[in-house]
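Hi there,

Here is the model I promised to pass along.

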Amino acid sequence: MRRISIFGATGSVGEQTVDLILRAGGPAAYETVAVTGGRNVARLAEIAQALRAEIAICGEAACLPELRAALSGSGIAVAAGQAALAEAAARPADWVMSAIVGAAGLVPGLTALEQGATLALANKESLVTAGPLLMAAEQAHGGRVLPVDSEHSAIFQALMGEKIETVERIILTASGGALRDWPLERLAQATVADALAHPNWAMGQRITIDSASMFNKALEVIETREFFGVAPEQIEVIIHPESIIHSMVGFRDGAVMAHLGAPDMRHPIGFALNWPERAALPVARLDLAALAQLTFRAPDPARYPALRLAGEVMRLRGLAGAAFNAAKEIALDRFLAGQIGFAEMAGVVEDVLTLLSAAGGLEKPAFGLEDVLAMDHLARIRAGEAAEARRRKGG
Ligand code: NAD
Ligand code: MG
């Protein structure tokens with residue numbers, strides 16, 4: 001029986017992973033090693049019991065008594081904190097879902113790869129902050145990274161049986177997010193609720209707001225560069241409001257292969273779970289006549305400065321991805337807390353990149369995990385300062 005672990009089991013991707021595993025038979029089909037969550041301890045305990053996991057881990061030490069109480073007598077071990085997450089990732093497993101949100105997903109994912117697991121990677125932040133480390137761990141330990149981001153799963157599928165040298169360009173589709181049709185001058189006033197009204201996808205809160213700002217697409221452009229090894233100039237972004245084409249690959253003979261499907265994360269999750277097989281999945285089938293048309297438009301650089309910043313990060317490489325992601329996480333925290341406006345998030349990230357690149361710390365050709373974590377820490381401090389400076393100016 002395949003041994004699996006789910007990191008971030010209580011989140012949007014995590015729950016959909018649990019759903020697919022339960023539909024496939026749950027404990028009768030898979031041996032679950034570890035399931036982890038953040039603060040939602042009650043739900044984590046339910047998942048651990050439904051899958052009969054060996055161990056359940058919550059993100060912070062403070063949640064441990066509640067988790068212990070919820071699972072007492074179940075025979076399921078409990079633990080808490082970031083070190084426990086890393087230890088759980090080191091337990092032998094064949095398939096590991098990386099669905100923690102943010103840079104906190106990096107160490108568990110990397111650790112799972114180092115024990116040779118197949119890593120189903122929803123946590124794009126891992127590739128953005130430490131792409132070369134993940135790719136090296138995959139090579140060194142015989143594991144495998146399978147993309148779970150819908151765009152990257154689409155590209156991966158369009159590339160099956162193809163040679164990467166024949167790829168001319170990769171075209172990432174973007175819905176444009178909740179505010180895509182707002183007048184540009186109103187964006188500064190957008191509230192959290194406005195940015196959360198995503199037209200097509202039901203996702204976690206953070207990625208939904210990142211979709212409205214296109215920071216999510218910026219992360220995905222960098223993810224594409226790191227995972228598929230193509231040059232930055234080969235990556236294009238197109239707004240496709242219907243979210244039916246999940247991405248495309250253009251080849252040197254002019255052919256473009258597109259991956260279509262209903263916007264449902266259970267497709268890319270299920271694809272990664274069953275790969276290299278293609279199993280039946282409970283996702284809605286496309287009714288093309290009902291859809292009638294698919295539309296496209298170029299992204300407006302003034303509306304989406306995050307895309308320009310992604311270009312800058314790819315030019316710098318090194319630790320620029322770690323700085324970019326950390327600054328973005330802090331800017332998002334501050335927007336969620338009502339301290340800066342929607343349009344100021346990009347300003348905060350740009351301030352941090354400018355400052356740290358002038359200080360000469362970003363363009364490091366070879367780096368290790370410690371360097372990434374140190375840069376993540378530093379960029380968070382600088383982003384907090386940049387956000388505070390903007391808040392004072394605004395208030
Ligand atoms: P979410 O917020 O719904 O869930 C995140 C999970 O991580 C939860 O289990 C939460 O408890 C846990 N978590 C959060 N912070 C933690 C910490 N510091 N330590 C330990 N655990 C922590 O997020 P999501 O939308 O499921 O996204 C998860 C990842 O997948 C993100 O990297 C996101 O970019 C990516 N992704 C999500 C979707 C989607 O449809 N939701 C699509 C593509 C990619
Ligand atoms: Mg995506």
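**The second largest pocket**

By class, nine nonpolar, seven polar and three charged residues make up the lining of the second largest pocket. Here Ala, Val, Leu, Ile, Met, Phe, Trp, Tyr, Cys and Pro count as nonpolar, Asp, Glu, Lys and Arg as charged, and the others, Gly among them, as polar. This is a predicted model, where local features need pLDDT of at least 70 and side-chain atom pairs count only at pLDDT 80 or more, while totals for chains, interfaces and linings use all residues. Residues are numbered from 1 along each chain as its sequence is written, chains are lettered from A and ligands numbered from 1 in the order in which they are written, and side-chain values use heavy atoms, with hydrogens and water left out.

The volume of this pocket is about 310 Å³. Of its 19 lining residues, His-267, Arg-278, Leu-281, Val-283 and Arg-285 are the closest to the centre. Helix 11 (266–274) and strand 11 (256–260) each supply at least two lining residues, and helix 11 gives the largest share, four residues. (On a 1 Å grid over the protein atoms alone, a pocket is an open set of points with protein on both sides within 12 Å along at least five of seven lines; a cavity is a set where a 1.4 Å probe fits but cannot get out; lining residues have an atom within 4 Å of a point. Grid points are joined across faces, edges and corners, and a volume is the space filled by probe spheres set on the points. Helices (H or I, at least four residues) and strands (E, at least two) are DSSP runs, numbered from the N terminus.)

Two strands pair if DSSP finds at least two bridges between them. Strand 8 (residues 167–174) and strand 10 (residues 245–251) are antiparallel, with four bridges, and Ile-170 stands opposite Val-249 in strand 10.

**The magnesium ion**

Which residues hold the protein donors of the magnesium ion (ligand 2)? They are Asp-149 (OD), Glu-151 (OE) and Glu-220 (OE), at 2.1 to 2.2 Å. Donors are N, O and S atoms within 2.8 Å of the metal (3.2 Å for Na, K and Ca); water is not among the atoms, so sites may look incomplete. Glu-151 in helix 7 (residues 150–158) and Glu-220 in helix 10 (residues 215–228) are 69 residues apart.

Happy exploring!
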